[in-house]
Structures are given as C-alpha cells and as structure tokens.
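Here is a short report on how the parts of one protein model meet. Look over the structure first, then read on.

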There are 4 protein chains.
Amino acid sequence: MRKIFDALIVGGGINGSSIAFQLAKRGCKVAVLDKGKIAGKASGAAAGILGAQTELTEDGPLFQLACKSRSMYQSLIPELEDLTQVHIGYQNKGVYKVAANKEEELVLKRLIESQQKADEQAEWFTIDDLIKREPFVSNKLRGAMYIPNDGQVQAYELSLAFAKASITLGAEIYEYTHVSDFILKEKKVYGVRTGLGELLADSVIVASGAWSREILERTGLSLPIIPVKGECFSVKIEKPLVQGTIFSHGCYIVPKQSGRLVVGATVKINSFDEKVTFGGISLLIEKAQNLVPEIAHAEWEGAWTGIRPQSADGLPFLGQHPACEGLYIAAGHFRNGILLAPATGELMADILEGKTEQPNPFELSRLECLVHSSKGVLL
Amino acid sequence: MRKIFDALIVGGGINGSSIAFQLAKRGCKVAVLDKGKIAGKASGAAAGILGAQTELTEDGPLFQLACKSRSMYQSLIPELEDLTQVHIGYQNKGVYKVAANKEEELVLKRLIESQQKADEQAEWFTIDDLIKREPFVSNKLRGAMYIPNDGQVQAYELSLAFAKASITLGAEIYEYTHVSDFILKEKKVYGVRTGLGELLADSVIVASGAWSREILERTGLSLPIIPVKGECFSVKIEKPLVQGTIFSHGCYIVPKQSGRLVVGATVKINSFDEKVTFGGISLLIEKAQNLVPEIAHAEWEGAWTGIRPQSADGLPFLGQHPACEGLYIAAGHFRNGILLAPATGELMADILEGKTEQPNPFELSRLECLVHSSKGVLL
Amino acid sequence: MRKIFDALIVGGGINGSSIAFQLAKRGCKVAVLDKGKIAGKASGAAAGILGAQTELTEDGPLFQLACKSRSMYQSLIPELEDLTQVHIGYQNKGVYKVAANKEEELVLKRLIESQQKADEQAEWFTIDDLIKREPFVSNKLRGAMYIPNDGQVQAYELSLAFAKASITLGAEIYEYTHVSDFILKEKKVYGVRTGLGELLADSVIVASGAWSREILERTGLSLPIIPVKGECFSVKIEKPLVQGTIFSHGCYIVPKQSGRLVVGATVKINSFDEKVTFGGISLLIEKAQNLVPEIAHAEWEGAWTGIRPQSADGLPFLGQHPACEGLYIAAGHFRNGILLAPATGELMADILEGKTEQPNPFELSRLECLVHSSKGVLL
Amino acid sequence: MRKIFDALIVGGGINGSSIAFQLAKRGCKVAVLDKGKIAGKASGAAAGILGAQTELTEDGPLFQLACKSRSMYQSLIPELEDLTQVHIGYQNKGVYKVAANKEEELVLKRLIESQQKADEQAEWFTIDDLIKREPFVSNKLRGAMYIPNDGQVQAYELSLAFAKASITLGAEIYEYTHVSDFILKEKKVYGVRTGLGELLADSVIVASGAWSREILERTGLSLPIIPVKGECFSVKIEKPLVQGTIFSHGCYIVPKQSGRLVVGATVKINSFDEKVTFGGISLLIEKAQNLVPEIAHAEWEGAWTGIRPQSADGLPFLGQHPACEGLYIAAGHFRNGILLAPATGELMADILEGKTEQPNPFELSRLECLVHSSKGVLL
C-alpha cells in the first residue's frame with residue numbers, strides 16, 4: 001500500500017479519533033493508524049468522568065481547556081450519535097467529591113471558593129445534605145463538594161463514535177497497523193513506515209498516549225511522558241445506588257447505564273503492565289466499600305486496566321515537534337483524555353491549519369529538557 | 001421467606017417483565033420469579049425485530065395484536081428509558097423482506113396487497129430500487145417487500161428495561177428462584193412453591209416461554225407448546241452495510257448500534273438444547289452471504305441460542321387457566337415475544353382486573369385438546 | 001423419544017457421572033439426564049480438594065467413606081485418563097490446615113492425635129517448619145496440621161472424565177433435559193418425565209445435588225437438604241507460591257496447574273443465587289492475603305459460584321427412597337462431592353445390584369422427619 | 001531498571017522461550033522480553049501439529065531439522081512437565097494427509113516414497129483402510145498418506161511450559177515490555193531499549209516472529225519475513241470423532257483433550273490484522289465439513305487468529321546478524337514454529353556458545369538481498 005494523505009494520525013485512542021474527526025470535517029484526507037484496535041487501550045478502559053472541576057484543582061490553561069472541552073460535548077454528543085449508530089451514554093448528574101475528614105473538608109471548601117471565582121459552579125454539601133441526595137453514601141464521611149457540570153460518558157463508546165464519525169466523513173482507519181518509524185528528510189516529515197509499507201502525508205500527528213514517547217525517540221525526542229497503570233472493575237446492581245459520580249482520594253464510583261457501576265482506579269507509576277492484580281482489586285474494593293457500603297451486595301462483573309500517559313509537568317503536549325516540520329504531537333492527557341478530546345481535536349486541527357493566534361500553553365517548546373541528550377532523565 | 005403479593009409472575013423474560021410493569025403501574029404488589037437471570041433465555045437471545053408485518057402473513061387477531069403492540073412501543077420506549085438507565089436502541093428503518101425468485105416475488109406482492117388492505121404500509125421494491133436503498137444487498141435477488149414500520153430493538157436491553165422499570169414502580173424480582181409447584185386448594189391458586197419456600201398471591205401468571213408446559217403439568221394441563229431452538233451469531237463492521245433489516249426465508253440480518261449485525265436464526269423443533277452447533281453456524285453463514293455478500297469481510301463476534309415457545313395453533317395463550325381460579329397463562333409467543341410484549345402486558349393486566357369486554361381470541365378455551373388425558377399427543 | 005434403560009440418573013454432576021460409570025462398567029444400560037450441561041453447577045465450580053482428613057474432623061462412617069473414596073482415586077484417575085482424552089490434573093502434595101492462634105493450634109493438635117489413632121497420617125508443623133516447606137505462608141500464623149494424603153484434582157475435568165468414560169462404556173448423556181416428574185405406579189418407579197417426553201427404566205437415581213429436594217417433592221418426600229452458596233476466584237502466578245493446599249477457617253488456596261491458584265469459598269446458607277457478589281470477593285481477598293501475603297502480586301483471573309447441597313445431619317443420603325421401589329437417592333455431599341464421588345458410585349451400584357451386606361449408615365431411613373408432613377421444617 | 005544479562009531474548013513466543021530454556025540450562029543469565037504476554041500471539045494460536053513430514057514435503061536441511069526437533073520432544077515433554085505444573089497434552093496418534101482426487105493421491109504416493117527413502121515412516125491408506133481407522137472421515141476422499149510419527153501438542157501450554165521451565169532455571173520474563181531499539185556501538189550490540197529503560201547484555205536474540213522485521217529495521221536490516229494471517233476455530237464433541245489429525249489442502253482437524261477439535265487455518269498473506277472474519281470462518285467450515293461431515297453436530301466453541309512469519313525462501317533465519325556482533329536472529333518459522341522450537345533452542349544456544357562446527361544452512365548470509373537498500377522489495 002502506498003497512499004498519500006493530508007494527515008496521518010498515529011494512535012486510534014479518543015484523541016487520535018477526535019483529531020481525525022475535526023480534520024475530516026474541515027475537508028482533510030486523513031487516516032488513523034493503530035497498532036491494535038480502535039480505543040483498545042486507555043480510552044476504552046476509562047471510567048469516562050468528564051471531571052474538569054473534579055480532576056483539575058488549579059485555575060490555569062489546563063483548567064480553561066478542560067472547561068471548554070467539557071462544554072463542547074453538549075453539541076458534540078448529539079452530533080456524533082447522529083452520524084453513527086453508537087450510543088454514548090452521556091449522563092449529566094454531577095460529581096460528589098467527598099471529604100473523609102476535617103482536613104479534606106477544608107481543602108474542598110477552598111477549592112469551591114476558587115472555582116466559583118473562576119465562574120464555575122460548585123457547592124459544599126454537609127453529610128446530611130449529601131445523604132439526602134445520595135442516600136447510600138457512607139455517613140462516616142464529612143460531606144462533599146458538589147460539581148453539577150462534571151458529567152460522564154461511556155468512554156469506549158464515545159471513542160468509537162469519534163472513529164466511526166470520522167469514517168463517515170471520509171477518514172480511513174487502519175487497525176493492527178504499527179508505525180515503526182517516520183519518513184523524514186532534512187527535518188521534514190513525509191509520512192510513516194509501518195509493518196506493511198509506507199504511507200505518505202503532509203502532516204503526521206502522534207496521538208499514541210503512553211506509547212508516544214517510544215515512537216518519538218525515532219526523531220531524537222525523549223518526550224517526558226511516563227505510563228501510569230490504573231486498574232478498575234465493575235459491578236451490577238438491581239436498583240440505582242448512586243445518581244452522581246462519587247469521587248474520593250484514590251477511588252471513584254461511576255453509575256453507568258443498565259445498572260452498572262464502574263469503580264476505579266489504582267495508580268502504578270512507570271508501568272506498561274496490563275494485568276489486573278489481586279492487590280489492585282483488594283485496594284479498590286476496600287475503598288469503594290468505605291464510600292458506599294451497600295455496594296457489598298452488588299454483583300461482581302469484571303476487572304481491567306488502562307495505561308495512562310502522564311507528562312512531566314502535568315500538561316498535555318499539544319503542538320508541533322520542536323525539530324521536525326510537519327510532525328505534531330497530541331499526547332500526555334493522563335487521566336483527562338476523555339474530557340479533553342473535543343478541545344484537543346479542535347486545537348490540533350487549528351494548529352495544522354495555522355489558525356491559532358493566541359499563544360498555545362501546551363506547546364512543546366515549554367520544556368527545555370526535551371532534547372535527546374537528556375534521555376533517560378525522567379525514567 | 002413467606003410474603004404475600006397481589007400477583008406473582010413465573011418467568012422473567014420480556015413478557016413476564018412487561019406484565020409486571022403494567023400491573024405495578026396499576027398499583028399491584030407484584031413479584032417476578034425467574035429460575036435464572038432476568039431475560040436469560042429467549043428474550044435475551046432475540047434479534048429484536050418488531051416484525052408485525054414481516055412475521056405475520058395473515059390478517060386476523062394475532063396480526064391485529066402485533067400491529068397494536070408495535071405501535072405501543074412509540075410511547076413505551078421513551079417511558080422505559082426515562083424510568084431506567086437502560087438504552088434500548090430502538091431503530092425504525094424498516095424491514096426488507098426479500099424475494100429470491102419469481103415465486104417468492106408473487107407471494108410477497110400478494111402479501112403487500114393484503115396488508116395494504118389492512119391499512120398497513122408496505123410496498124414492492126424491484127432489485128434496482130432495493131439496491132439504490134441498500135447497495136450491499138445481493139443483486140441476484142428479485143426485489144423486496146419494504147415494510148417501513150417494522151422497527152427493531154436491542155432485545156436484552158428492552159427486557160431489562162421492563163424489569164428495572166417494574167422495580168422502580170415497586171415490583172420485586174427474584175432471580176435464581178425456581179417455582180416447582182403451585183399452592184392449589186379446591187381449584188384455586190394461593191401462591192407458588194420454590195426451592196426456598198412458599199410465596200403467596202391472589203393471582204399467579206405463568207410466563208415461562210418454552211418452559212411453561214412443564215410447570216403447568218402440575219395442574220394437569222398439558223399446554224401444547226413445543227420448544228424451538230434457534231441459533232444466531234453477530235459480526236462487527238466498520239461502515240454500515242445495511243440500514244434496514246434484511247429478511248429472507250431462513251435468515252435475517254439486523255443492523256444494531258456500534259456497527260454490529262445480528263444474523264439469525266436456525267430452527268430446530270422440539271429441542272431445549274442451548275448449544276450452538278457447527279451445522280447451525282454453517283447454514284446461517286451460507287444464507288447470510290447470499291443476502292449480503294460483503295458480510296464476508298465483517299469481523300466475527302460470537303454465537304448463541306434461544307429456545308422459542310411455539311404453540312400448536314400458532315397463537316399465544318393469553319388468558320386464564322381452564323381449571324384453576326387465579327392462575328393465568330401468557331406463553332407461546334414463538335418468534336414474536338419481543339414484538340408482543342407491550343400488548344401482552346396490557347391484555348394480561350386487563351384480564352386480571354376483569355376489564356376485558358370483547359372476546360379474547362387468545363383464551364385457552366380455544367383448544368379442546370388441552371386436558372391432561374391428551375398428554376404427549378403433541379410431542 | 002421413548003427409550004428403555006436399566007437405570008436413569010437424574011443429574012450430571014460428578015456423583016451422577018460416577019454412578020453412571022460404575023453401572024456402565026457392570027453392564028447396565030444407563031443414561032444421565034441433566035437440565036443443563038455436564039458438571040455445569042457445583043461439580044464444575046469446586047476447588048477440587050480431596051480433603052478427607054481436612055474437611056471431616058470426626059471419625060465415623062463419613063470419615064471412613066471419605067478415606068476409602070480418596071484411596072480409590074489412586075487407580076481411578078489413571079483409568080479415567082486412559083479411557084478419555086481428559087487430563088484430570090491430580091496433585092498429591094497434601095494440605096496444610098493452618099492455625100491462626102493458640103486455640104486453633106490446640107484443636108488441630110487434638111485432631112492430629114485422633115486421626116493418627118484412626119491410622120491416618122497427619123502431623124503438626126510449627127510456623128518455622130511450615131515456612132521451611134511453604135515459604136510464602138504468613139509468618140503470623142501459629143503453624144499447621146499437615147495432611148500428606150489429602151490431594152486435589154481439577155474438579156470440572158474430573159467430572160467430565162467420569163461422564164466421558166461412561167459414554168465410552170455405553171452410557172448415554174442427555175444434556176439440557178429437565179426431569180419434571182417420575183413415572184410412578186403403586187409406589188414403584190417406571191421412569192421419568194422430561195420436557196420432551198418420557199424415558200423408562202427399572203431404576204432411577206436422583207443425584208441432583210442441591211436441586212434434589214425439589215424433584216423429590218414429587219414423591220411426597222421433603223429431603224432435608226439446603227443449598228449453600230459458595231463463591232471462589234482464581235489468580236495466576238509466574239512462579240509457584242505454594243506447593244500444597246493452604247487451608248484455614250473460611251478460606252483455602254489451592255495450587256492448580258499452569259500457575260493458577262484457586263481461592264475459596266464463602267458460605268451463604270439457603271441460597272440458590274449464582275451471582276458473585278462484591279462482598280464475597282471482598283471477604284475472600286482479605287482472608288487470602290492474610291494466609292499468603294505475596295498473593296497480592298498475582299494476576300486476577302475471575303470469579304464464580306457453586307451451590308452446595310448440605311444435608312440436615314451432615315451425612316449424604318445414599319440409598320433407596322423410603323416409599324418408592326426402584327427410586328434411589330445420592331445427594332447431600334455438601335463440600336465433599338468431589339472427594340466422595342468414587343465411593344458414591346460404587347456404593348450406589350452395589351445397592352442397585354442388591355450387593356450390600358453390612359448396614360449402610362447413609363440410608364434415608366435414618367431420619368424420622370422425612371415424611372411429607374414435616375415439609376418446610378428445615379427451611 | 002538497569003540490569004545486566006548474558007543474553008536477552010526479544011519475543012516470548014515458543015521459540016524465544018525455548019532458547020531461554022536451553023541457555024538457562026547451560027548456566028546463562030537470560031531474560032525474555034515480550035511486548036504483551038507470553039505466547040500471546042502465533043504460539044498461543046497454533047493448532048500444535050508436530051508436522052515434520054506433513055508440512056515439509058522435500059528432503060533437505062529444514063526437513064532434517066524438523067525431524068530432529070520432533071524427536072527431541074520425546075524427552076523434552078516429560079522434562080518440561082516435570083519442571084512446571086503445566087500439562088502439555090502431547091498426543092502421538094499420527095496425521096492422515098488426505099487426497100481428494102487422483103492427482104492428490106499421486107502426489108502423496110510420491111511423497112511417501114521419498115520420505116521412506118529418507119528413513120521416515122509413511123504409508124498409503126486407501127479410503128477403505130482409512131475409514132476402518134477413522135470411520136468419520138468422508139468416504140468421498142481417495143485415501144490418505146498416514147504419518148504415524150507426526151504427533152501434536154497443546155501449543156499454548158507447551159509455550160508456557162518452556163517459559164515456566166526457564167524461570168525455574170533462573171531466567172527472567174518481562175511481559176508488557178516493548179523493545180524499541182538496540183543499544184549498538186560500532187556494530188556491536190550492548191543491550192536493548194525498552195519503554196521503561198535499558199537492559200544490557202552480551203548477546204541479544206530476536207525471536208519476534210512476524211514482528212522481527214520491524215525491530216531489525218533499526219539495524220538497517222530488512223529481514224524478508226512477511227506476516228501471514230491464519231484463522232482457526234474449535235468445537236466440542238461428546239465422543240471422539242477422529243483419533244489422528246486429518247490434514248488436507250487448506251484445512252486440518254486436530255483432536256485435543258476433553259473432546260475439543262481445533263480446525264485451521266486460513267491463509268492471508270501480508271496481514272497483521274488479528275480479527276477473525278466471517279469469510280474466514282465460512283471457508284474453514286465448508287472445508288471441515290467436507291473432511292468429516294459428522295462435525296456438523298459438534299458444539300461451536302470459538303474462533304481466533306495467529307500471525308505467522310513467512311520467510312522469503314521458506315527457511316527460518318537462525319543465526320547471527322550479518323552486521324552486528326552479539327545480535328542473533330531466530331525467526332521465520334512460518335507454520336512450523338511449534339515443531340521447530342526444540343531444535344531452534346538448541347541450535348541458537350550452540351551458536352551463542354560458538355559450538356556449531358558444521359555449516360548452518362539457516363544462516364542469514366544465504367540471502368544477498370538483505371541489505372538495507374533493498375527495503376520494500378518484498379512487501
């Protein structure tokens with residue numbers, strides 16, 4: 001195969017597919033290449049919390065991007081469901097970020113204040129208020145920060161919807177297609193090499209999550225991203241136990257359709273290992289039972305892992321490669337890949353089209369230490 | 001456990017759950033008992049075609065019931081989705097009942113005529129017209145009867161939605177609860193016996209599909225229902241292959257959400273065997289490939305079976321037991337269990353409330369041969 | 001179908017198949033009927049410990065039967081593996097029945113003494129001795145009773161081997177065949193009724209585990225057996241963690257081939273519910289980690305349940321029905337179904353042949369309370 | 001992690017693990033690195049035929065290697081089963097290579113003659129003789145070449161046994177560890193780079209099957225290996241249908257333990273796509289039914305794929321890298337990876353130890369076209 005594209009996207013996770021969707025909408029001839037199946041890694045494993053205010057505790061560019069991305073879903077989800085036959089399962093019943101003790105209460109109350117200043121909705125619920133709304137939450141908690149606008153989705157289905165919508169708009173998806181190298185001449189990219197031959201394109205975007213670092217090593221760039229393994233499991237319940245997402249330090253419970261609850265997630269830094277461990281399950285089970293004791297009666301369904309890409313400074317890398325013309329990077333979304341997909345797609349499409357006017361805080365130029373000589377420093 | 005209910009429903013398939021839903025809505029204290037899991041047998045295995053005009057080729061009471069039931073889904077589906085967190089996946093893109101040769105064409109054209117007389121929409125598509133709308137259908141076909149109003153659902157999810165909606169309205173569901181006998185005194189039912197004790201109720205409704213005959217033998221009634229095994233499989237496709245359901249003699253292809261196609265179904269009379277056979281898959285594969293050759297490129301997903309309850313005269317039994325007061329039967333829906341669930345629920349609730357005025361053509365009195373002495377005649 | 005057999009066995013668990021195997025060897029024309037698949041319930045769920053000395057703590061008829069049955073496996077396993085293509089995975093590395101505290105230590109030491117008197121091998125290992133042999137066992141334990149002769153098997157494979165060996169010797173197996181009633185005339189059995197017709201036989205043996213009570217109600221007999229649900233899970237390890245079975249109060253860890261460890265089992269009395277619960281997993285995980293802390297690094301595999309049949313006095317029922325000629329019962333093996341299968345098969349075959357000379361302590365006559373009037377007493 | 005080894009093996013398929021086993025036995029400090037799980041690709045997907053005479057139709061070095069490797073299993077299998085708790089399921093009942101017509105008969109008879117000359121056992125069975133031994137084989141066949149010494153194994157279990165035996169002997173296994181590059185200095189290898197850091201070793205052996213080409217591109221070598229996708233499925237039977245392996249053009253049926261039959265395999269050249277296709281299943285089903293019609297009654301189990309590495313000249317590459325000291329290659333075994341594993345392990349260990357005296361026909365020097373300039377020629 002020797003085809004020519006406007007843009008090639010390396011990685012069929014949610015961000016790769018979101019970029020493909022935006023580019024296809026703007027008329028680009030685009031292809032997504034994935035070494036396995038679409039949304040087969042972290043995107044398909046995610047619990048799907050759109051936790052702009054839940055996960056990001058400081059105002060700043062990432063918080064702004066997250067809030068914007070979250071609001072983009074309002075129109076995106078009906079658009080994607082319309083274009084595809086995929087049901088995304090979007091729910092908009094908020095997140096309860098609980099406090100287990102006085103200290104956590106104070107931290108959350110300060111957070112509420114700061115988010116209110118940033119014009120985002122958030123309020124404090126005492127344990128009594130909380131239990132009125134979520135009667136199965138443990139009464140040993142102190143209360144919760146309630147974030148009404150942090151909804152949630154079925155992450156795999158949403159990722160699939162981005163991919164299928166892209167196909168509908170003319171994009172091509174190559175599954176089981178491993179990109180081993182870039183075709184580079186004089187610091188300009190001309191395409192990629194795969195196990196089955198070469199694909200040519202004007203632009204190449206690396207959106208390979210935790211695996212982005214490896215492929216970028218080919219260009220002499222050691223992108224400071226580390227793999228952070230997370231384990232999850234799910235249970236089934238007869239009657240709804242919780243309406244909103246219950247979120248605590250080290251454990252969250254997310255109510256899905258058909259009576260499923262997704263419980264996540266452990267954190268193991270610097271691990272690509274996709275095995276679920278006994279110890280991981282043990283930890284999550286204990287924490288979940290402390291949040292919602294009644295979960296003990298739920299039916300066990302199964303467990304899985306995802307490998308999340310954490311960047312050195314906590315911000316994703318969204319921009320041009322510092323040394324290769326035509327090569328772009330959209331990686332390092334850590335636990336916010338699902339949340340940030342719409343904004344990532346739009347920003348990357350803007351960058352490719354040369355449309356971005358204001359400074360981009362996610363540019364790769366922000367890190368001095370990116371040059372090849374520093375390799376191994378992070379790991 | 002020794003509880004008292006207004007009504008007990010033996011069988012948690014779609015019809016049992018639909019009856020529970022109607023009764024709960026009307027204020028009854030109701031429980032559903034299932035020997036395994038909700039929708040664990042034929043209801044969960046069904047392809048979900050709402051084939052009022054597709055499956056029922058003669059006008060008459062069953063055709064009328066089917067058309068009515070189909071139209072009830074218009075309001076029922078949003079109601080159920082609202083009450084539960086279940087996505088039913090209702091699609092309303094019609095059925096193409098194809099003709100492979102001149103004879104089938106004539107039969108279908110006559111059917112169109114008779115259905116149009118019965119004020120139902122149906123029209124003939126030549127093969128050229130058909131291919132314009134469904135370009136992947138084989139051009140070796142003669143054409144198709146198009147039935148725009150025969151939609152389809154995800155049968156398991158719909159069954160679950162009925163059950164969960166019932167729970168929301170106060171019904172109780174007992175899974176893994178096998179009813180071994182009725183509590184009968186002087187030809188009146190007082191409840192049921194299960195492996196774990198007795199449950200009392202004013203009314204008991206048997207909605208156990210192909211397993212209804214066995215439990216009813218306890219009452220001396222040999223209900224003429226036989227089990228008809230059907231095998232199905234599903235595949236995954238990248239881009240939609242068909243918009244509507246493609247329906248032929250011995251094989252149908254139903255497009256589901258997220259790019260799934262369900263292909264069914266073999267017919268093995270008098271079998272409770274739930275194993276998928278090599279021979280069944282072989283037969284379906286050949287037929288499906290003749291309908292939509294491009295399906296050869298689809299990704300194989302998996303196969304399963306369902307045991308459908310066929311009644312001796314083709315009509316379901318919906319009514320009172322001929323000899324036991326308080327005992328009711330709703331069984332024998334054969335391949336139309338999903339389609340007929342709304343009307344079954346309503347009719348059975350009406351019967352229990354003594355509301356039915358007009359004659360009920362599905363009464364058990366229609367069959368003389370129901371008495372115990374005739375046992376074994378059918379089998 | 002209307003066939004005539006020498007003996008029909010109702011239930012294709014390990015004991016039903018073992019009886020079929022013995023009868024087929026002795027030249028009987030025999031059939032096994034199962035409502036689902038062979039070994040689909042408790043037999044397939046068992047951890048497979050042949051725990052004659054582990055599980056049975058008092059000398060007496062059951063202990064004698066258990067020891068005899070265990071020793072029968074020495075020749076049976078090669079015989080079964082030879083007759084079939086099934087690998088049974090028999091391991092003979094003993095059980096360590098651990099003591100968590102001084103009291104448990106004393107109990108175990110007394111047990112060792114009594115078993116030694118009964119000429120069975122058992123010895124006390126201090127925690128240091130124990131750790132020398134099983135270095136991953138927790139050093140917070142006090143020590144263990146070591147039982148060298150309590151081996152273990154893969155319970156599903158062994159059950160399957162009994163069934164397949166029976167087939168090889170001429171027996172027939174009918175899966176998905178539910179026996180709804182017996183054909184009885186004047187207190188003599190002539191066969192059974194199934195969903196698909198009648199099968200005739202001189203003898204019928206009920207070996208339906210926890211489901212035996214229900215079918216026997218047809219004969220006016222309320223067999224005092226209750227269902228006891230047990231949950232298990234398995235993990236995978238790279239290097240062997242334990243050589244023998246580690247057995248404690250409420251939790252055991254059984255090393256299987258290919259690096260699998262089976263951990264069991266919870267106890268829920270009076271439950272046919274086959275769902276794995278969050279709470280069950282939680283309990284087992286905690287206990288297992290206390291026994292072998294290193295298990296935290298094992299890979300999670302999956303979880304399942306079994307429904308075990310517990311009899312009122314702890315002994316299985318192995319003998320003739322008190323009121324029906326030709327009807328026999330082999331049920332109530334509780335947690336010892338795998339262990340007792342060989343002796344059960346032999347004893348039941350002897351009883352059918354009228355060969356038993358000495359008194360049979362497992363006869364149903366031992367319980368006065370079996371008559372129908374007492375129904376419901378136990379439950 | 002920064003560890004130092006004697007040898008690193010890139011790829012944990014059966015050949016990688018066999019090499020690790022041989023090296024560990026000889027006292028080497030060795031590690032196996034796999035990007036996923038041990039035996040997770042072609043090795044775990046293989047049907048496990050040890051088809052030295054079945055697959056290799058010409059005498060020559062590969063035939064000699066295959067026959068030698070096959071005979072090595074006689075002692076290896078008990079050794080591996082002894083060292084690990086893995087049951088390999090070795091069966092030694094021969095292969096029937098069937099002829100569908102006169103032409104195929106002649107070809108096979110000539111093959112028998114030539115193999116007899118090479119002192120290997122093989123004989124012609126007329127269709128009557130064949131049916132006497134394998135009564136379920138189709139009587140429309142002409143007959144079969146019977147190869148008594150081509151046994152078979154459970155390929156996944158055997159691969160696992162090699163890996164676990166290596167661990168027992170001191171080797172380390174790193175799963176989910178992707179080797180992205182070699183550490184090379186002046187044409188000498190010093191180790192490998194992985195996603196999580198560097199591992200150092202005196203020797204590195206690439207045993208990555210169809211994925212070997214990609215990693216070797218790092219060294220400027222375009223190894224002429226292409227991926228050949230194969231699809232398989234399995235069914236379950238109650239009684240044995242065949243004793244030996246039935247092998248025909250395009251389809252084989254291999255009887256496994258516990259009544260499983262594995263049916264393989266389609267051939268799709270130049271594909272890394274691991275999806276099972278409808279079309280692949282369709283093709284295999286038709287062919288299998290022609291070989292053993294009774295298979296139609298078997299129970300469907302499931303389907304899977306494997307990606308086999310085919311070399312340009314049909315011989316595996318077993319030897320040193322033409323340009324890098326310390327770098328070795330053991331890849332390109334195509335459909336004979338399971339069969340050739342023992343000999344591959346031994347030969348590679350000999351090569352690393354400098355022990356090989358006679359010329360090695362599998363050396364990479366045999367191909368002139370290996371230099372980087374030729375890249376893309378094959379694909």
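How many residues does the contact take from chain A and from chain C? The contact takes 18 residues from chain A and 18 residues from chain C. Keep in mind that this is a predicted model.

Start with area. The size of an interface is often given as the accessible area lost when the parts come together. Chain A and chain C bury about 1,500 Å² between them. Carbon and sulfur atoms make up 70% of that area. On the chain A side, A:Phe278, A:Ile285 and A:Trp300 lose the most area to chain C. Together these three residues account for 46% of what that side buries.

Now look at the pairings. Strand S10 (225-236), helix H9 (278-291) and strand S15 (299-311) of chain A each supply at least two residues of the side that touches chain C. H9(A) gives the most, with seven residues. By class, this side of chain A divides into 12 nonpolar, four polar and two charged residues.

## Where chain B meets chain A

Next comes the interface of chain B and chain A. Here 18 residues of chain B are in contact with 18 residues of chain A. The buried area is about 1,700 Å², and carbon and sulfur atoms give 41% of it. In chain B, the residues that lose the most area to chain A are B:Gln85, B:Glu238 and B:Ser258. Together they make up 37% of what that side buries.

Side chains of opposite charge can pair when their charged atoms come close. Between chain B and chain A the count is two salt bridges. A:Lys37 forms a salt bridge with B:Glu299, and their closest N and O atoms are 2.7 Å apart. Helix H7 (residues 155-168) of chain B gives the most to the side that touches chain A, with three residues. That side of chain B has five nonpolar, six polar and seven charged residues.

## How chains A and B are related

What rotation superposes chain B on chain A? The rotation is 180°, with 0.0 Å of shift along its axis. The RMSD of the superposition is 0.0 Å. That is the relation of a two-fold axis. In chain B, the C-alpha nearest the axis belongs to B:His87, 3.9 Å from it. The same surface serves both copies, as 100% of the contact residues of chain B recur in chain A.

## Two domains inside chain A

Now turn to a single chain. Chain A is divided into domain 1 (4-66 + 156-223 + 312-374) and domain 2 (93-149 + 227-311). Their centres, taken over C-alpha atoms, are 29 Å apart. The contact takes 27 residues from domain 1 of chain A and 31 residues from domain 2 of chain A.

These two domains bury about 2,300 Å² between them, 61% of it on carbon and sulfur atoms. In domain 1 of chain A, A:Gln53, A:Thr54 and A:Phe334 lose the most area to domain 2 of chain A. They make up 32% of what that side buries. Across this interface the rule finds 10 residue pairs in polar contact, both at pLDDT 80 or more. Helix H2 (42-45) and helix H3 (52-55) of chain A each supply at least two residues of the domain 1 side. H3(A) gives the most to that side, with three residues. The domain 1 side divides into 13 nonpolar, eight polar and six charged residues.

## Salt bridges

Which salt bridges stand out in the list? The rule finds one across the interface of domain 1 of chain A and domain 2 of chain A. The side chains of A:Glu274 and A:Lys41 meet in a salt bridge at 2.6 Å, N to O. Over all chains, the count comes to 80 salt bridges.

Chain B has a salt bridge between the side chains of B:Glu274 and B:Lys41, at 2.6 Å, N to O. B:Glu274 lies in the loop between strand S14 (268-269) and helix H9 (278-291) of chain B, and B:Lys41 lies in the loop between strand S2 (30-33) and helix H2 (42-45) of chain B, so the pair ties together parts that are 233 residues apart in sequence.

Definitions and conventions. Residues numbered from 1 in each chain as written. Chains lettered and ligands numbered in written order. Heavy atoms only, no water. Domains from an automatic or database assignment. Contact = heavy atoms within 4.5 Å. Buried area = accessible area lost by both parts, 1.4 Å probe. Salt bridge = Lys/Arg side-chain N within 4 Å of Asp/Glu carboxyl O. Polar contact = N/O pair within 3.5 Å; in protein donor to acceptor, adjacent residues only side chain to side chain. Helix = DSSP H or I, 4+ residues; strand = E, 2+ residues; numbered from the N terminus. Nonpolar A, V, L, I, M, F, W, Y, C, P; charged D, E, K, R; others polar. Least-squares fit on C-alpha atoms with pLDDT ≥ 70 in both.
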